[in-house]
Amino acid sequence: MPTASRDIIVSNSLGLHARPAMQFVDTANQFRSTVTVSKGGEKPYQADGKSVMQMIILEATEGTPLKILADGDDAEIAVEKLARLFADKFGEE
Amino acid sequence: MEIKKGIGVSPGVAISTALVLDAENLAIPRRQVPLANIDAEAARFDLALKEAIQSLTRQHDELIALQRKEIAGIIDFHIGVLNDASLTSQIVAEIRDRHSTAEYAVSTVMRKYAAVFSKMTDGYLAERVKDIHDIERQLLQRLMGQQRLDLSHLTSDVVIIARDLLPSQTASLDKEHVKGFATDAGGRTSHTAIVARAMGIPAIVGLGNITAEVSAGDTVIIDGNHGVVIIDPDEQALAENRGAELRRLQLDTERASLLELPAQTLDGHLISLMANIEFPGEVDEALRRGAEGIGLYRTEYLYLASDHEPSEEEHYGAYADALLRLKNRPLVIRTVDLGADKYSQAKSANPERNPFLGERSIRMCLHDIPMFKRQLRAIMRASVLGDVRIMFPMITTLMELRQARMLLNDVMEELEDEGVSHNRDIPVGMMIEVPSAALMADKFAKEVNFFSIGTNDLIQYTLAVDRTNEKVAGLFNAGHPAVLGLVRDVIRKGSRSISVSMCGEMAGEPLYTLLLLGLGLTTFSMNARDIPEVKKIVRSTTMEHARQVARRVMSFDSERQVMHYLRDETRKIDPEAF
């Protein structure tokens with residue numbers, strides 16, 4: 001199975017709060033690949049990218065570096081789309 | 001095993017099963033399901049989940065149609081959580097692997113998440129714990145068909161775990177089965193604390209998020225002496241705490257042996273020890289503990305226990321009940337002291353910005369004369385049934401006192417006209433619980449028959465501390481020299497012509513017994529359970545010694561010195577005092 005990964009930095013001011021977390025999970029669920037989002041640093045955590053609860057627990061505030069990892073036949077495009085959400089700051093001004 | 005530290009507000013140790021209440025009195029039962037029913041139980045959860053998602057989706061669409069995107073976003077998040085397979089699979093696993101009921105499984109898993117959320121450092125994210133509670137409630141309501149628990153009829157012993165206890169919840173508690181309280185919110189003199197002390201059961205408040213940490217059915221130790229809650233204790237913790245409980249019972253028995261003996265100092269000064277009560281039924285317990293009468297009957301519960309203002313007959317019935325039990329011992333009835341409490345504020349159309357400085361207590365009564373007179377009439381009618389005395393709370397100016405007395409005279413004249421018997425010479429007293437009244441004690445002493453010092457409010461108003469606010473509760477201290485100065489002056493000025501008692505919590509704290517004796521206080525009114533200990537100290541000292549202690553204390557300039565010195569002096573005469 002192909003895997004793909006991308007390092008990103010949370011850049012929207014409220015961080016990965018309820019709405020962006022939902023947006024992320026909704027997007028992740030469009031793909032067959034498994035999606036994992038991991039955070040290093042003092043409180044390392046690995047979240048299932050299809051679980052909104054785990055994405056909240058990730059506590060990804062503004063400036064947090066994250067790694068998005070997808071595993072499955074559509075891994076490449078999944079990572080591309082998910083990383084774009086962060087680049088677009090989840091549509092926040 | 002997990003240990004949580006809070007504020008111990010009522011002493012003692014309870015070991016029992018947890019009953020977790022949410023804000024709406026929904027109790028979460030733990031029940032294992034028999035193996036054969038597990039599929040049905042899992043199906044029940046699936047159905048509740050589907051229904052909850054459907055109903056939320058409908059709400060969401062309606063909100064979108066109304067352009068209320070903000071709230072729709074929150075609902076969308078709730079739907080997302082309910083659709084979260086990693087969450088629902090945990091709930092199903094709890095049912096299938098541990099044979100839990102659907103309710104218990106939901107509550108356990110959601111509370112685990114709530115605990116994680118509430119520990120997050122990011123304030124915004126930590127706030128989401130409210131959503132978790134909300135989602136849990138939605139599922140539970142579907143599962144349980146919105147059954148409310150009747151707290152007045154429990155079938156086994158429990159400790160109650162709640163966010164905060166409301167007067168409406170505690171008024172009807174089953175006193176036989178409730179063994180302790182632990183709450184998320186509250187301070188040293190919050191409602192929960194007062195009720196627990198009155199019931200003589202341990203309580204710990206200000207635990208932060210205990211409702212998320214404990215699941216119904218967990219074994220919990222509530223150690224009110226140290227302010228510690230132990231969840232799922234191990235064998236060692238259980239054994240230690242059972243030992244502590246046993247020692248406390250032994251001490252109680254030892255103190256009970258003082259019951260028949262008078263509260264008299266070694267040099268022969270007799271002191272009056274009375275009890276504070278909230279319900280007539282508490283009179284029996286007070287007498288068992290050696291109270292000579294009731295120095296403070298708080299009448300608020302007549303209002304809080306029912307959904308309507310009590311009628312004159314309901315007032316009269318309660319007073320007559322208490323008097324019958326007292327058999328001619330004194331009963332000091334305090335007119336209603338409501339207003340600043342959460343209950344009144346919640347009911348009010350215009351909640352006050354500063355309720356403790358607002359229309360509370362006697363101020364409220366003087367603004368609602370028909371209500372006030374109903375209570376006064378009932379008290380006057382009861383006044384021929386025993387030794388009844390009447391007391392007005394929160395007096396701050398002479399005008400208020402005179403108005404209240406005038407209304408009392410009106411009521412007496414009305415009764416006179418109607419030919420209803422009453423005691424025209426009923427002793428009339430007032431609480432001294434505001435600095436203005438304390439400072440003018442000599443003036444007030446000319447217009448009443450007795451004073452009773454209410455220390456909780458006196459401290460609050462002197463030190464400007466909200467005692468229920470955990471952030472500043474530490475500043476609330478009866479030993480503050482300013483408070484002690486006021487207490488000393490009130491006793492001194494009042495005792496020249498009238499009797500002075502104290503009914504605040506300070507009166508029941510053994511730490512202050514020597515000091516208060518030395519300042520000349522002769523009547524102490526307290527929670528019944530504190531009487532034996534205070535009596536023991538009274539009986540172990542001389543007035544001469546108490547006066548020396550008081551002189552020394554009044555020379556200190558910090559509450560720290562006061563507390564240290566009093567602790568040492570009290571331990572010298574009673575090593576087991578604390």
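# A walk through the two-chain model

The largest nonpolar core of this predicted model has 93 residues, and those with the most contacts inside it are Met55(A), Val159(B) and Ile161(B). A nonpolar core here is a set of buried Ala, Val, Leu, Ile, Met, Phe, Trp, Tyr and Cys residues joined through C-beta atoms within 7 Å; a residue is buried if 20 or more other C-beta atoms lie within 10 Å of its own, exposed if 12 or fewer, and partly exposed in between, with the C-beta atoms placed from the backbone. H4(B) gives the largest share of this core, 9 residues. Leaving aside neighbours within four places in sequence, Met55(A) is in contact with Leu16(A), Ala21(A), Phe24(A), Val25(A), Val37(A), Ala47(A) and Gly49(A), where contact means that the C-beta atoms of two residues, placed from the backbone, lie within 7 Å. Apart from this core lies another, of 92 residues, among them Ala291(B), Cys365(B), Leu376(B) and Leu486(B). In soluble globular proteins, nonpolar side chains tend to be buried together.

Because the model is predicted, local features need pLDDT of at least 70 and side-chain atom pairs count only at pLDDT 80 or more, while totals for chains, interfaces and linings use all residues.

Chain B has 25 helices and 16 strands, which are DSSP runs numbered from the N terminus (helices being H or I of at least four residues, strands E of at least two). Of the 578 residues in chain B, 46% are buried, and among its contacts between residues at least 6 apart in sequence, 68% join residues at least 24 apart.

Where the two chains meet, the contact takes 15 residues from chain B and 16 residues from chain A. On the side of chain B that touches chain A, the elements giving two or more residues are helix H2 (69-82), helix H3 (85-98), helix H4 (102-118) and helix H5 (123-126), and H2(B) provides the largest share, 5 residues. By class, this side of chain B divides into 8 nonpolar, 3 polar and 4 charged residues, with Ala, Val, Leu, Ile, Met, Phe, Trp, Tyr, Cys and Pro counted as nonpolar, Asp, Glu, Lys and Arg as charged, and the others, Gly among them, as polar.

How do helices pack within chain B? Two packed helices are described by the angle between their axes and the distance between the axes. The axes of helix H1 (residues 38-65) and helix H6 (residues 129-144) of chain B come within 9 Å and cross at roughly 125°; axes are lines fitted to C-alpha atoms, for helices over the stretch in contact, and angles run from 0 to 180 degrees between N-to-C directions. H1(B) and H6(B) are therefore oblique to each other, since angles under 35 degrees count as roughly parallel, over 145 as roughly antiparallel, 65 to 115 as roughly perpendicular and the rest as oblique. The contact joins Arg44(B), Ala48(B), Leu49(B), Glu51(B) and Ala52(B) of H1(B) to Gln138(B), Leu139(B), Arg142(B) and Leu143(B) of H6(B), and by class it has 5 nonpolar, 1 polar and 3 charged residues.

Leu458(B), Ile459(B), Thr462(B) and Leu463(B) in H20(B) meet Ala482(B), Val483(B) and Leu486(B) in H21(B), a contact with 6 nonpolar, 1 polar and no charged residues.

Most residues other than glycine have a negative phi. Ala464(B), which follows H20(B), has a positive phi near 55°; Ala464(B) is exposed, with 9 other C-beta atoms within 10 Å. Ser361(B) likewise is not a glycine and has a positive phi of about 60°, but Ser361(B) is buried, with 27 other C-beta atoms within 10 Å. Ser361(B) is found in the loop between helix H14 (342-347) and helix H15 (362-367) of chain B, and, neighbours within four places in sequence left aside, is in contact with Asp337(B), Gly339(B), Pro393(B) and Met394(B).

Methods: Residues are numbered from 1 along each chain as its sequence is written. Chains are lettered from A and ligands numbered from 1 in the order in which they are written.
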